[in-house]
Amino acid sequence: MTRSINYTKYPLPRIRHHAKSGLYFPLKQQKGNRFYYHPEIKNINWNEAFSDGKPPSLLDIGCGIGKFLVETAIAESGKNILGFEVRKGAVEWTEGVIAGEGIPNAKAVWYSAVNGFPFIESGSLEKVFYFFPDPWLKKKHYKRRAFSLELLKEIHRTLNSKGKLYLMTDVPEVDEFQQGIINGSGLFNFRYSGESEWDISVRSNHELFCIEKEIPFIRMVCEKIM
């Protein structure tokens, strides 16, 4: 399905590039006023999320303003894609585009993956995308990185037997950090991917930015070990 969206129809509000640091910690670790933290989600009614009422087969963790999510939904019109994003304004904008364009198989949710996603059935996902996360380069800030053994276990649980996790970053230190967790987990085999081997046709905003500015970035494909 080929379709072009005129995003200028949807004025983008002022959205912080980086979210508040507290949003990178699980709900159970939150203290005091949580007005900026998303509600707890235990269940999602897929009939309300997608027109066919079926659960998602694609998951975009950290979907940002959602252009990759939206355009993947158009390119993969027979599959439902769910996106998580910690910035409420970004989710509201993405949902506005989805509603305005009448896209039946895309849904963005104000949510942080560090809380797990028990509402997604085990073995139900085909692909999980985790692109260009906040790097948190100072060692004392590593604890704010969402990528962890706990997250990797949850991704492994929800992927089907042939499922894949796709990673991208333009920060070598982040790649080394993620590779260390994957190697120690025993949950995935991985390979680095060049342009010719990369089987995702849609390009994320930051990926296009890196290509335009000739900034090197790293692609990794992780295959689930049963």
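Buried here means under 20% relative accessible area, exposed means over 50%, and partly exposed is whatever falls in between (1.4 Å probe, protein chains only). The structure is a predicted model, so local features need pLDDT of at least 70 and side-chain atom pairs count only at pLDDT 80 or more, while totals for chains, interfaces and linings use all residues. Residues are numbered from 1 along each chain as its sequence is written, and side-chain values use heavy atoms, with hydrogens and water left out.

The overall build comes first. The protein chain holds six helices and seven strands, where helices (H or I, at least four residues) and strands (E, at least two) are DSSP runs numbered from the N terminus. Along the sequence they follow the pattern α-β-α-β-α-β-β-α-β-α-β-α-β. With a radius of gyration of 17 Å, close to the 17 Å that the globule rule gives for 226 residues, the protein chain is as compact as a globular protein of that length; the radius is taken over C-alpha atoms, and the rule is 2.2 Å times the number of residues to the power 0.38. Along the principal axes, the C-alpha atoms fill a box of roughly 50 × 45 × 40 Å. The protein chain exposes about 11,800 Å², and carbon and sulfur atoms supply 51% of that; accessible areas come from the Shrake-Rupley method with a 1.4 Å probe, and for residues only the protein chains shown count as cover. As for contacts (heavy atoms within 4.5 Å), residues 24 or more positions apart account for 78% of those with a separation of 6 or more.

Now for the sheet. The seven strands form an open sheet with mixed pairing, in the order S3-S2-S1-S4-S5-S7-S6; two strands pair if DSSP finds at least two bridges between them. The edges are S3 and strand S6 (188–192), each of which pairs on one side only. From one strand to the next, the twist averages 20°. For angles, axes are lines fitted to C-alpha atoms, for helices over the stretch in contact, and the values run from 0 to 180 degrees between N-to-C directions.

S1, helix H2 (residues 67–75) and S2 together make a right-handed β-α-β unit; right-handed means that, with the strands pointing away from the viewer, the path from the first strand over the helix to the second runs clockwise.

Strand S2 (residues 81–85) also runs parallel to S3, with five bridges joining the two. Gly83 has Ala108 as its bridge partner in S3, and Glu85 has Trp110. The chain gets from S2 to S3 through helix H3 (residues 88–101), in another β-α-β crossover that is right-handed. Five of the five residues of S2 are buried, so the strand is largely enclosed by the rest of the structure. Ile81, Gly83 and Glu85 point one way from S2, and Leu82 and Phe84 the other. In a regular strand the side chains alternate between the two faces of the sheet. S3 (residues 106–110) has four of its five residues buried, so this strand too is largely enclosed by the rest of the structure.

Helix H3 includes Glu95, which is partly exposed at a relative accessible area of 22%. Leaving aside residues up to four places away in sequence, Glu95 touches Lys107 and Ala108. Glu95 and Tyr142 are 47 residues apart in sequence and 31 Å apart in space, C-alpha to C-alpha.

Two further helices also meet the sheet. The buried residues of H4 are Leu151, Leu152, Glu154, Ile155, His156 and Thr158, and they pack against S1, S4, S5, H5, S6 and S7. Helix H5 (residues 172–185) lies across S4, S5, S6 and S7, running at about 150° to S6. Gln178 is found in helix H5 and, at 2% relative accessibility, counts as buried. Beyond residues up to four places away in sequence, Gln178 touches Tyr130, Pro133, Phe147 and Leu167.
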